[in-house]
Structure formats: structure tokens, C-alpha cells
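Have the model open beside you while you read.

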Amino acid sequence: MKSLLKLHSLKGFLRPSLPSAIASGVPGRQSSHFTYVPDTVAEAEGETVRQNLFQSINAALDHALSTDDTAVIFGEDVGFGGVFRCTVGLQDKYGKDRVFNTPLCEQGIAGFAIGVAVGGATSIAEMQFADYIFPAFDQIVNEAAKYRYRSGNLFNCGKLTIRAPCGAVGHGALYHSQSPEAYFAHTPGLKIVVPRGPIKAKGLLLSCIRDDNPCIFLEPKVLYRSAVEMVPTKEYTLPLSSADVLDEGDDVTLLGWGTQVHVLREVAQIARQQLNVSCEVIDLVTILPWDRQTVFNSVKKTGRLIIAHEAPVTNGFGAEIAAAVQNECFLHLEAPIERVCGFDTPFPHVFEPFYLPDKWRCFSAIKKLLNY
Amino acid sequence: MAGRLSWSAFNVARRSFGQQLRGSQAQLINSRTFSSALGEEQPNFPGSRSKWTEKLEFVQPDLYDGIPVYRVMNRKGEIIDPAYDPKLEKDTLVKMYKRMTMLNTMDRIMYESQRQGRISFYMTNYGEEGTHIGSAAALDDNDLVYGQYREAGVLMWRGFSLDRFMNQCYGNEGDMGKGRQMPVHYGSTEHKFVTISSPLATQMPQAVGTAYAFKRAQNGLCVVCYFGEGTSSEGDAHAAFNFSATLDCPIIFFCRNNGYAISTPTSEQYRGDGVAARGPAYGMATIRVDGNDVFAVYNATKAARHLAVTENRPVLIEAMTYRIGHHSTSDDSSAYRSVDEVRHWDSTQHPIARLRAYLVQQGFWDEAQEKQWKDDCKRQVMQSFARAERRQKPGWKALFTDVYDDMPDHLQEQFEYMKSHVDEYEDHYPTKHFAKDN
């Protein structure tokens, strides 16, 4: 993959900042379970604009269309701007043949998307919610992921990217809250990426679009409006399969992705204040192929690992990470690896505050590991 | 499938009624809505165009006799209406005949080789050679083909060599697919034939996507998508038909309706008038042809291609035929259908026999040529077969490559692990049959 932005280093580009305040009240049904920690970029990165997540995704799609005449965007209701506004203005700017609605059929969208890519064009498909990606499971797992391999590289659908809003949103219940990354992480041939905010989303989405492998880009929908950052207006890409160490620490490694990263950063601050414990917070960023070295290095330093994700615990991606870490870091581990995840239930409506791996469950896990 | 909350639940903008109406349908509805001449005389629901009726009548599926089967020649190879004789050149006709018979010869030898355990699996094309060659001959050689698995004749027409067929079935180092897929899962960029995969119907919406890309590229090509009548029951078939129509894609859907999906007869596959009757329901131009009449298939495909390419619209061809062979080498079809039924189709309606009768009537072919060609065919296939059997399998590193464009670290590690493992336990692996290029 070619990075269009000359980055000195990722750390130089992204400057983690600390949460301004720690919410202390008990979350109500409409209040979020996390405090967003915005990223910032160095002044050298040029002009920036205040954007939320859906706006930065829109900007990435705009760059993708303007720099590649073959690129097309399609899905349910993307023509008028999308139910989350991610494609707003693009049909007017680029025409109905490049940004268009499809019939309401996810397996059709995925199959069509693969065919567009096989036909040599850049294919950007939207699933309206990650919860509805399952009708397309066959096309994604049996077809997209295996296209290059099974044909001996005669054909491929590397120009394919599937975007889908994912994750908890406060009241999405069973079918507007799911985090399906682990289903796809069991599929060689796919790349799976989850951004934690607008700056990352723009660079990672452009990377996915330009990567020569089929990518699934999962967008935490609760961040669409609530996550606001100063995003570079220029075109840039960020590396896939590269995790970010956001807060450095010595005692415990906290690993998550998407919205959960913000939960963990707040937890790290609480742990510092209340327990005088130093946490290293890592955003995995790419679920597949994941950045094993960054995680291993951190755990070898801290000796303790907590993995937190919204998806159910059993066979969640945390299980893969835990198994790999115990294999690689066995002699460095001072406590069992802890997974703080969604429970093994469907995602409930009114019980969401009790379902999510919130900061207090994560905090409790830190205490447990330190007392082991 | 998609459940949708009201958008206000996610605090996103609502779209107005005006924004819901798009394209010609919007204009149509608006003109109706505001036309005083029409007033209440016609319904103006956005979802359909039709008239009122005060009679309570269900539309019954048996209102008509079924879509007729288009044919050009009868079972004796005689042209019925000279106006529809495609009047192909002698060379073309002989080439069509030779490719059909070459396919038939290859099928017989490969089928036997599977019976002898020399390849793991095979699927013959018996009785459907006419659908392959007739359609392929009517296409531009650069039109992209998506197939199911029983369309080897399309590749044969386009000049895919016997060696490449054999190499794929043997999974040897000559196989462009690197020995990864089961036999008969052919593919070729050179011959514009997308690699076959086992999951049925998945190729259908993909073919539509490629046709859309072709339309935008304005390359003058169409996409052709073959599938069986059993496959047409998959959800992906529905998706493909609907997407191709709403997105105005230059694609030919070519259905091989051979009466069976493994053991399942069409009476258990659908209850409507075959697959063709679904075409108009999706807004597609549709025709049903005699799949054992290579000229009918040729004419229909040629006309379909013209429609698809000049008007950017999908066309559905349903070729009626009969699966003379077993479903595959893993199937004994006598368990679910009579030998007499098979014999009927093999002896009275075979596409190869019909074309041969036509050629003989034209003076383009005779017994001596037939005998010599049969011998020649068999020799060519046997020689290619022997070459394929002698070749090594690819170096087993190919187990790990092409999963991604580049090999990620974790796969590189897994390869290194297996390499050292095989070094240590070499006696337990068939390494001598595999190339040593790891």
C-alpha cells in the first residue's frame, strides 16, 4: 500500500491527549458510557478542519472518488447521503453513476461489490448496519476472501472495501448494536479495520480503499456525531496492521479498539488516580491481520494484559489475542490474561448499561490482576 | 433483511417526500399527480404502474401455456425457417462441431480416469455441449464469462488448451490455479473466464457488478453469467436479476435448465413456468431456447448480446436441455431417474448429433472425416492426459501464498514452521511428488 502522506512516524502524526474530565455520575439511558478522547495532529500536517466521524469518512470518500475515476459507492440509501450522512453531497458532486442506491439486499450488495472489483474498478460498498452484514456472509467469506487464492492470483477483488456502522449506540438493542469483527477474523484473506475517531477513520478508510485486498471497515456509529477532532484537510493514508500505543505505562496493558479505546483511556486515568497504577493503552486498529509485535512488546514490559471489547466474550477476538500472547509472552506474564467483554447474550435494549464492558468493569479487572 | 429504526432514533436527518422520488419514476408520478386529464382515472401509487379494476381476480400462474421454446433446426438437423438460419461459414460450423466433440472426448477420458482413481473428481458436460458452444460462438471473445462449473465448452471454444484443462484437474505445477481448487474449477484471464468456485449462484451478483464496471468503462463488452436451474433458487440469483435491472447492466444471464439439480427434479425446484418466466417480473428481456439446437442458442445469444451492449440492459436466456451424464463422479443418477429416460435424450435429441446431421446435409462433413477426427481427438486428449499425469505438483509453499497480495508476517511464520516441520518429518509427507521451489 502506498501512503500518500509522508509521515515522519505515526507517533509524530497522532498526539494522544488526556481526557478533559472523568464522568462520575451513573450513566442514564441516553448518556454515553465513555468520554471521548480526541486525537490531535502536529501543525506540520497542514490545514485542519473540525470534523466528526461521519464528516471525516465523507471526506475520505470524497478523496477516493476525486482521485480515482473508477471508484463507485453504493448501498442502501447512500444516494441521498446515507442514514448516517456519511455520503452526503457525493452524488451531487460525482453523479448518479458513481454514488447510487442498490435494491435492499445485502448479499446482492456484497456480490455486486466483488464483481465491480473483479471488473477492475474501485468498489466501496455500504452495509447499513453491521448487524445486517450476515446475509452477505457467504459472499464475503466464501467469495471475496478466497478470490485471489483460489484462482492462483488470476483474479482478485482487492479493490473492494465494505463499510458498516457497528457497535453500541445506547439504545440499538439486538440489531443496531452488534460488533461482528470476530466472525470475519476467522477468515483468511480479509482485512478488518476499526477506527477510534475521525483522524484515524479518514486515513484508515483511504488505506482500505487503496489496499489491494478486500477490507471490512467497521465504523463505531456512536462516534459518528459525538467524536470531533481537527482533521487534516489533505489526503492521507494510515498504515493497516499497525496498532497505536496511546498511553504508555508499566503495570498493565489495556487493549481495545473502536469506542472501547476511549473507555480504556478513561480507565487508565482512574487507575492512575485511585490506585497509582500505570496503564499502557493500545488501540489495536486492525483486527486482521493484527499487529502482534506491538501487543507482545507491551505485555513483555507490563506483564499483565486486559483485553476489552463490546462483542460477546466467547470466541470474541480477545480469545485469539489472549491465546497468542500466552504463547509468546508466557514467561513475562504475572497474572492470567483478563477479557472484559460483552456477555454471551444477544445485545439487549434496556439492559445495555449492564451489558457493556464499561469503565467500572475494566477498572475492577485491573484491581483483580494487580492482586493476583 | 435490513430492519430500520426511524432515523430520528439515531438523530439523523430525515429525507423529504420529494427526495424519495427519483429518476423516471419520479417524473412519471409527478406528471400523473398533477395531470388533470388523468385525475383519479389511474392509480398513482409510487410502487407500480397499472390501472384500476373493480373485479376481484387473482392473477393465476397457469393463465398461459408457458414461454415457447425457440428452435432453428429440428431433431434431424433440418432448418425449419430459413429466415432464421444463421448461415455460418463452413469453417465456423466445423469448428463448432470439433470443439463440441473434443469436449465430449475429454469428458469420457477424464470421467474414466476418475473411476480409476487418477483424479479425485470430475463433472461431465454430456448433452449440454450445444449450450456452451452455441453461446460462446455468439459472444465477443473479450466478453467476460462467469460460470457455474458445467460450462467447459465455453473455454474449449475460446481455445483453452487441453493441457490446461488436464493440469487443473491434476492440480499439477502447470495449473494456473496452483492446485488449490477441486477439478473442473477452471479459470483463465487470457480467455476472459472468471475462475469457477463451488458455492452456487455466488457468481451471479458478481457478474452484475462487473457488467456495471464495464458499462462505466464504456469498453463495448458485456458479461455473460451461466448457471443451472437449481442455482436459480438461491437468493443470490434473485439479487442478481434485480440489481442488473435496476442498475441497467449489460449482462446476459444464461440458464442451463437440464431438468435436475443433482437428484432434485424441476418439479421440486420451482412451481412457476421455469426460470424464464421470472425474467419479465424483474424487468428483463427474456427468451427460452432449445438448448440442444446450437443454432437457436447462437441466434438467441447474439441477439441478447446486441440488446445488452447497445441498450445497457440485462437479458435472460433459458436454454432447455437435459443432463445426460451423472451430476458428478460422486453421483449415480440411476438412483433417482430411469436409464430409459437418459437413453431417450442421448439418442434422439443430442446437440452433437443434430449439428452433425446438419453438417452432413450441407456436405461439410462425412463418415471418413468423422472417423479420422474421432481418432485424432482421442489421441490428442490421451497425450495431454499423459503429460499432465507425469507432472509434479506445485511447490507446497503455494499453500501459503495469494491469501493476500503480500504474505503477512503471521503467514510467513506459519510457512517457516511447516518448512522446518517437513524437513524433520519428511518421510511422512508426499514431498517427492511436489516441486522443490519453496
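Is B:Trp52 buried, exposed or partly exposed? I found that B:Trp52 is partly exposed, with a relative accessible area of 45%. For these classes, buried means under 20% relative accessible area, exposed over 50% and partly exposed in between, with a 1.4 Å probe and protein chains only. I am working on a predicted model, in which local features need pLDDT of at least 70 and side-chain atom pairs count only at pLDDT 80 or more, while totals for chains, interfaces and linings use all residues. Residues are numbered from 1 along each chain as its sequence is written, chains are lettered from A and ligands numbered from 1 in the order in which they are written, and side-chain values use heavy atoms, leaving out hydrogens and water.

**Aromatic pairs.** I searched for ring pairs (Phe, Tyr and the six-membered ring of Trp, centres within 6.5 Å; planes under 30 degrees apart are stacked, over 60 edge-to-face, the rest tilted). The structure holds 37 of them over all chains. In one, B:Phe45 and B:Trp52 have ring centres 5.8 Å apart and planes at 80°, so I logged the pair as edge-to-face. I also noted a cluster in which ring pairs link A:Phe74, A:Phe100 and A:Phe112 with B:Tyr212 and B:Phe243.

**Salt bridges.** My criterion was a side-chain nitrogen of Lys or Arg within 4 Å of a carboxyl oxygen of Asp or Glu. The whole structure gives 37 salt bridges over all chains.

- A:Arg163 bridges to A:Glu219, with the closest N and O atoms 2.6 Å apart. A:Arg163 sits in strand E7 and A:Glu219 in strand E9 of chain A, so the pair ties together parts that are 56 residues apart in sequence. Both A:Arg163 and A:Glu219 are buried. Helices (H or I, at least four residues) and strands (E, at least two) are DSSP runs, numbered from the N terminus.
- B:Arg164 bridges to B:Glu190 at 3.1 Å between the closest N and O atoms. B:Arg164 is buried at 16% relative accessible area, whereas B:Glu190 is exposed at 58%.
- B:Asp290 pairs with B:Arg354, the closest N and O atoms being 2.9 Å apart. B:Asp290 belongs to strand E7 and B:Arg354 to helix H12 of chain B, so parts that are 64 residues apart in sequence are tied together. I found B:Asp290 and B:Arg354 buried.

I then followed shared partners: salt bridges join A:Asp39, A:Arg196, A:Lys200, A:Asp244 and A:Asp283 into one network.
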